[in-house]
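User: I am new to this structure and would like to learn how to read it. Could you take me through some features one at a time?

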Amino acid sequence: MPTLHFLAKEITLNGHLQSLGGIGIVYMTTRALSLPWSIDMLLAVYLILQIIYFFDRYIDLARDWTGNNTRSGHIASYRPAVPLVATGYSVAAAFILLLYSALEGIIFSAVAILFGLLYPRVFKPFTKYIPLFKNFYVSATFTVLLFFPFFYTGTTIIMSRELFVLGCFIFISALTAQFLLDLKDTLSDKEAGLKTIPALLGEHRALIFSVAFSVFAATAFVLFARNTFLSFLTLGALGADVFAGMLIRKKDANGYIVAAAKFFLLGLLALAL
């Protein structure tokens with residue numbers, strides 16, 4: 001069915017899996033730190049990230065034809081509707097934030113969206129001069145989402161060992177996912193002069209490095225975190241990375257879907273624990 005095929009491509013190619021990952025991060029945070037959560041909070045973080053990813057995909061449409069023409073072709077297929085879709089995301093996010101969020105959450109969201117919109121043209125090019133800059137930038141963006149439940153509900157942030165450990169887990173998990181996702185953009189990143197792991201090492205060695213880094217990070221985290229809940233999530237993250245790596249090695253594009261959906265899958269795991 002054409003409609004279902006379009007929706008499947010939209011979900012897998014246009015940032016929705018990463019935006020759903022934001023829901024996973026926020027939910028994991030509320031579970032790990034015993035914070036309140038709500039459907040509107042999860043929907044708000046999804047819309048915030050989707051605004052950012054939608055803009056990033058559209059602004060890089062021409063460059064992406066080199067390494068990801070499937071994604072570019074999908075977005076180009078409804079280019080006339082892009083302003084309407086972007087407006088829809090923005091209005092929905094604003095409605096939820098104004099109706100349910102504390103003022104701190106509104107300010108946090110506005111700043112997050114601003115830095116997200118600046119990423120493709122202002123911050124991403126730094127990777128031409130600073131190796132892996134975009135990987136660290138995106139991973140840091142995912143990491144600060146752990147503060148979203150605090151700001152959204154107007155709860156005072158209390159620095160603790162649990163908060164620090166959770167932040168480390170999110171950052172490292174995001175970093176390993178970014179390493180794997182960069183493999184699909186090797187050609188376009190090379191043409192743009194971006195110093196990513198695949199551009200520097202080549203695809204084969206980059207894949208080995210990414211999975212090895214994930215194994216090392218997961219082992220260290222389980223040994224030193226001393227947190228049963230996060231240890232289970234760490235093993236889940238490792239499983240996702242290894243499975244994604246195996247699929248990518250076989251030239252199976254589903255590996256990139258697994259890497260993109262990593263935090264959403266971890267959110268489901270957190271729900272089951």
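Analyst: Start with burial. A residue is called buried under 20% relative accessible area, exposed over 50% and partly exposed in between, with a 1.4 Å probe and protein chains only. Leu132 has a relative accessible area of 14%, so Leu132 is buried. Leu132 is placed in the loop between H7 and H8. Its phi is near 70°, a positive value in a residue other than glycine.

User: What should I know about the model and its numbering?

Analyst: This is a predicted model, in which local features need pLDDT of at least 70 and side-chain atom pairs count only at pLDDT 80 or more, while totals for chains, interfaces and linings use all residues. Residues are numbered from 1 along each chain as its sequence is written, and side-chain values use heavy atoms, leaving out hydrogens and water.

User: Where is Lys251, which also has a positive phi?

Analyst: Lys251 is in the loop between H14 and helix H15 (254-260). Its phi is about 65°, although Lys251 is not a glycine. Lys251 is exposed, because its relative accessible area is 69%.

User: How many helices and strands does the protein have?

Analyst: Helices (H or I, at least four residues) and strands (E, at least two) are DSSP runs, numbered from the N terminus. The protein has 16 helices and 0 strands. Its radius of gyration is 18 Å, close to the 19 Å from the globule rule for 273 residues, so the protein is as compact as a globular protein of that length. That radius is taken over C-alpha atoms, and the rule is 2.2 Å times the number of residues to the power 0.38. Along the principal axes, the C-alpha trace spans about 45 × 45 × 40 Å.

User: How should I read the interior?

Analyst: In soluble globular proteins, nonpolar side chains tend to be buried together. A nonpolar core is a set of buried Ala, Val, Leu, Ile, Met, Phe, Trp, Tyr and Cys residues joined through side-chain atoms within 4.5 Å. Here, 49% of the 273 residues count as buried. The largest nonpolar core has 52 residues, and Met28, Phe142, Phe148, Phe169, Ile170 and Leu230 touch the most other members. Helix H3 (residues 39-59) supplies the largest share of this core, 12 residues. A second, separate core has 19 residues, including Leu183, Ala206, Leu247 and Tyr256.

User: Which residues is Leu230 in contact with, leaving aside neighbours within four places in sequence?

Analyst: Contact means heavy atoms within 4.5 Å. On that basis Leu230 is in contact with Val165, Leu166, Phe169 and Phe221, with neighbours within four places left aside. Val82, in helix H6 (residues 82-100), touches Phe54 and Tyr58, not counting residues up to four places away in sequence. Val82 and Phe54 are 28 residues apart in sequence and 8.9 Å apart in space, C-alpha to C-alpha. Val82 is buried, at a relative accessible area of 7%.

User: How many salt bridges are there?

Analyst: Side chains of opposite charge can pair when their charged atoms come close. The rule asks for a side-chain nitrogen of Lys or Arg within 4 Å of a carboxyl oxygen of Asp or Glu. The count comes to 3 salt bridges. One joins Lys134 and Asp182 at 2.7 Å, N to O. Lys134 lies in helix H8 and Asp182 in the loop between helix H10 (161-181) and helix H11 (186-192), so this pair ties together parts 48 residues apart in sequence. Lys134 and Asp182 are both buried.

User: What does Asn135 touch, not counting residues up to four places away in sequence?

Analyst: Asn135 touches Leu175, Gln178, Phe179 and Asp182, with residues up to four places away not counted. Asn135 is in helix H8 (residues 133-144) and is buried, with a relative accessible area of 0%.

User: What about the remaining salt bridges?

Analyst: Lys262 pairs with Asp241, the closest N and O atoms being 2.9 Å apart. Lys262 lies in helix H16 (residues 262-272) and Asp241 in helix H14 (residues 228-249), so the pair ties together parts 21 residues apart in sequence. Asp185 and Lys184 also meet in a salt bridge, at 3.7 Å, N to O.
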